Amino acid sequence: MGRWFSAVFVDLARQMRWSFLPPLMIYFAAGAQGLTSVVSTFYVKEYLDLSAAFLAGLAFWTGLPWALKMPLGHLVDLFWRWKSLLILAGAGLMAGSYAIMVALLTLPELMAAIMSANAWFITALLLAPCGFVIQDVVADAMSVEAVPHRDTDGRLLTSETTRALHTTMQTLGRIALIAGSSAVAAVNVVLFDGVEALPQVDKGAAYAGIYTLALLIPCVSLSGVALALWQKHSAKRTLRAQGLAPGQIHSRLDPPRDPVTPNWWYFIGGAVFVALSLSVGLGDVPYSQEIIFAGSMTVVLLLMRQLVAVLDPGQARALIGTAIIIFVYRAVPLRGPGATWFEIDVLGFDQQFLSVLSLITALLTLAGMIVLRPMMASRTIVWIILLLTVAEGILALPNIGLYYGVHHWTADLTGGIVDARFIALVDTAAESPLGQVAMIPMLAWIARNAPGNLKATFFAVMASFTNLALSASSLGTRYLNEIFVITREVQTDGIITTPADYSQLGTLLITAAVVSVLAPLIAIVIVQNTPLRTSD
């Protein structure tokens, strides 16, 4: 027990570095965007008339900015010294998104005179991920820079020490992300206390207050950049006081970097992606999402081909095999918004209880990542994905059971203790640590093995590929919601214009669960029986 505690907690604390804090603050801000997740769900349900299939399709568009990590990552490698300026641009986009939602709730007539509430909401929903993706690119680069390559006496660290520090940095990055989610989930629990019983006007004021509070999130990431600049200035001043020459100070503080030659294919690929997205998306072309996904995937694969060419063949094959497995794991379809509407309308889950579920998810994910860190360092990525796939398949069963009324049976047997909320709490507690685990080993692999002058580019291109999996997941979710149609009750001037219909939700949940288990297992079997087999 003592050895396990030391491996999990003591070793993590021992490897923490003061230089890790600036990128962790940016990751924390990214997690804190969850402050608006619950309020957005209820805003859509109470103020807008968007269908479940449309919202699932909208998730596809909000995921596309992550494909722009390719040119942004290469831009960061080219202008390494000035990368912090991009944090400012990202903060502006994030603030603009939250300001739109505040105006929608406090000045609805003025906003409606310019555009419809639906159009404003979609605009705000697209601005936020653009800001976060810009900041994420810089945070990834800063996470590599934050890992020291020399000790306090100026000696180069061993490869084993460097590997451990990179794994710790990437783990702490995910921990900071979830810590941000945990903090805002706790805030939501407090802010939503009693909101369900308020008149609609007062609910709107409460929602506006939450979006106003979200305007503080960009300030956290800007503070991280300011801290990084202060740390570097302070370290240089200390080394100068010790009598070190400028060249010695540079070798102590800055990781080795070869000169970076611009690879215009990254920017050409990004331009093609933007042009394709705008022309197809704004042109109301049939199958626009599928066309953009196929085009984006083609561009990313071509750039990946150029990128892995700088690795030795064995490393390149291992990276490609790993990326394929993680892609399929992340590409499985989700339940869609209809399941949440069912929980609200039929199971009676209110704003505060959904905030409690978010808090439990965040806290247990945080704990799970700390506890599972030794496993991530010692087990292969294939083993981890296999474990996550089987676990998530099992943990989908309680949600299916809730739809079919298992909570009535369990409540009768336990005197009302094991009701719908109890089952939801337990299922959330068991499932929550799993989602963030899959990406950490691959991020650590890139941090260790990518060439020193192309770290940000490697992070960006591989993240673009795996994030396209989320776009594929959104497409699959939309297809499921088009096949199994779920509607919530919509009223206009007190008249029901769309009745609630959850009759096909059970089949949707079962289909999503089966696909989420079979697809990753098939991908693992195929990859591990080809030259792309990975043992990392």
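Ser474 touches Ala56, Ala59 and Phe60, residues up to four places away in sequence not being counted; contact here means heavy atoms within 4.5 Å. The model is predicted, and local features need pLDDT of at least 70, side-chain atom pairs count only at pLDDT 80 or more, and totals for chains, interfaces and linings use all residues. Residues are numbered from 1 along each chain as its sequence is written, and side-chain values use heavy atoms, with hydrogens and water left out. Ser474 lies in helix H23 (residues 455–483); helices (H or I, at least four residues) are DSSP runs numbered from the N terminus. With a relative accessible area of 9%, Ser474 is buried (buried means under 20%, exposed over 50%, partly exposed in between; 1.4 Å probe, protein chains only).

Helices H6 (residues 84–106) and H10 (residues 200–214) have axes that come within 9 Å and cross at roughly 160°. H6 is therefore roughly antiparallel to H10, a term for angles over 145 degrees. Axes are lines fitted to C-alpha atoms over the stretch in contact, and angles run from 0 to 180 degrees between N-to-C directions. In H6, Tyr98, Met101, Val102, Leu105 and Thr106 meet Gly204, Tyr207, Ala208, Tyr211, Thr212 and Ala214 of H10. By class, this contact of H6 with H10 has eight nonpolar, three polar and no charged residues.

Gln352 is placed in helix H17 (residues 351–378) and is partly exposed, its relative accessible area being 25%. Neighbours within four places in sequence aside, Gln352 is in contact with Val189, Phe192 and Asp193. Gln352 and Leu191 are 161 residues apart in sequence, and their C-alpha atoms are 8.1 Å apart in space.

Definitions and conventions:
Helices (H or I, at least four residues) and strands (E, at least two) are DSSP runs, numbered from the N terminus. Angles under 35 degrees count as roughly parallel, over 145 as roughly antiparallel, 65 to 115 as roughly perpendicular and the rest as oblique. Ala, Val, Leu, Ile, Met, Phe, Trp, Tyr, Cys and Pro count as nonpolar, Asp, Glu, Lys and Arg as charged, and the others, Gly among them, as polar.
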